[in-house]
Amino acid sequence: MVVAERRWQRSGDPIFLELARRWAKGTAILFAVGAVSGTVLSFELGLLWPGFMARAGAVIGLPFALEGFAFFSEAIFLGIYLYGWDRISPRAHLTAGVLVAFSGALSGIFVVIANAWMNTPTGFELVNDQLVHIDPIAAMQNRARSPRRYT
Amino acid sequence: MTLAAYASTGFVVAGIHSLLLLRDPANAFHRRAVAVALLVGAPALCSFRFRAI
């Protein structure tokens, strides 16, 4: 979507503008589905797995919180992108699109980090059935967070 | 994982526009759509070799 808008701004070819606008509709639908399922999921964490979250929340809550911030910045800039076609300068509009893509990728990375921690948990010590020495940064740097680290 | 998302999205979008292009091979809209989608998908696919994020 952003690539198409950039090519429209450089070439003036109206087909690229039509392309960016049509893909923006697809992005809006996918974002809405993701927002709804993400809201359900965040309640499920507490309602379906309270025992897990009570213990693991302190260790792995940080990437979830950062994912929340990335999601909100994505939502803000997607709003600017979808409703700002004729209201802001072309350059600001393109920047909003780039920020949507960037924060979207960032929130994906944070969720994968949280998921990877469940496969290779790090950043804590288990002493007498209690989690102690909790280090959320070390938890985020667990082995499964990227294929290269895993080997 | 992130790169896999870019690769799969790029190729799915390219596939949809390619199917529509089969119906109407001269359509300039879908031609440009396939070009942009492959521009996103192909580098992501190639980068699997280097296993970044």
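User: What makes the contact between the side chains of A:D86 and A:R21 a salt bridge?

Analyst: In this predicted model, the N to O separation of A:D86 and A:R21 is 3.8 Å. A salt bridge requires a side-chain nitrogen of Lys or Arg within 4 Å of a carboxyl oxygen of Asp or Glu, so the pair of A:D86 and A:R21 at 3.8 Å qualifies. The pair links distant parts of the chain, 65 residues apart: A:D86 lies in the loop between α3 (50-83) and α4 (90-119) of chain A, and A:R21 in helix α2 of chain A. Helices are DSSP runs of H or I with at least four residues, numbered from the N terminus.

User: Why is A:D86 called exposed, and what is A:R21 called?

Analyst: Buried means under 20% relative accessible area, exposed over 50%, and partly exposed in between (1.4 Å probe, protein chains only). A:D86 has 70% and therefore counts as exposed; A:R21 has 34% and therefore counts as partly exposed.

User: How many salt bridges are there over all chains, and where does A:E18 come in?

Analyst: The search of the whole structure finds two. A:E18 and A:R22 meet in a salt bridge with N to O at 3.0 Å. These residues are four apart in helix α2 (residues 14-48) of chain A, so about one helical turn separates them. A:E18, at 35% relative accessibility, is partly exposed, and A:R22, at 42%, is also partly exposed.

User: Which residues of α2(A) are buried, and what covers them?

Analyst: Among them are A:F16, A:L17, A:W23 and A:F31. The cover includes α1 (2-11) and α3 of chain A, together with α1 (2-23) and α2 (28-46) of chain B.

User: What makes up the nonpolar surface patch?

Analyst: A:F43, A:L47, A:L48, A:W49, A:F52 and A:M118 form a patch of about 690 Å². Patch members need over 30% relative accessible area and no salt bridge; nonpolar side chains (Val, Leu, Ile, Met, Phe, Trp, Tyr) are joined within 5 Å, like charges within 9 Å. A:L48 has 52% and is therefore exposed. α2(A) gives the most to the patch, with three residues.

User: Which conventions apply?

Analyst: Residues are numbered from 1 along each chain as its sequence is written, and chains are lettered from A and ligands numbered from 1 in the order in which they are written. Local features need pLDDT of at least 70, side-chain atom pairs count only at pLDDT 80 or more, and totals for chains, interfaces and linings use all residues, while side-chain values use heavy atoms, leaving out hydrogens and water.

How values were computed. Helix = DSSP H or I, 4+ residues; strand = E, 2+ residues; numbered from the N terminus. Contact = heavy atoms within 4.5 Å. Areas by Shrake-Rupley, 256 points an atom, 1.4 Å probe, with all protein chains shown as cover.
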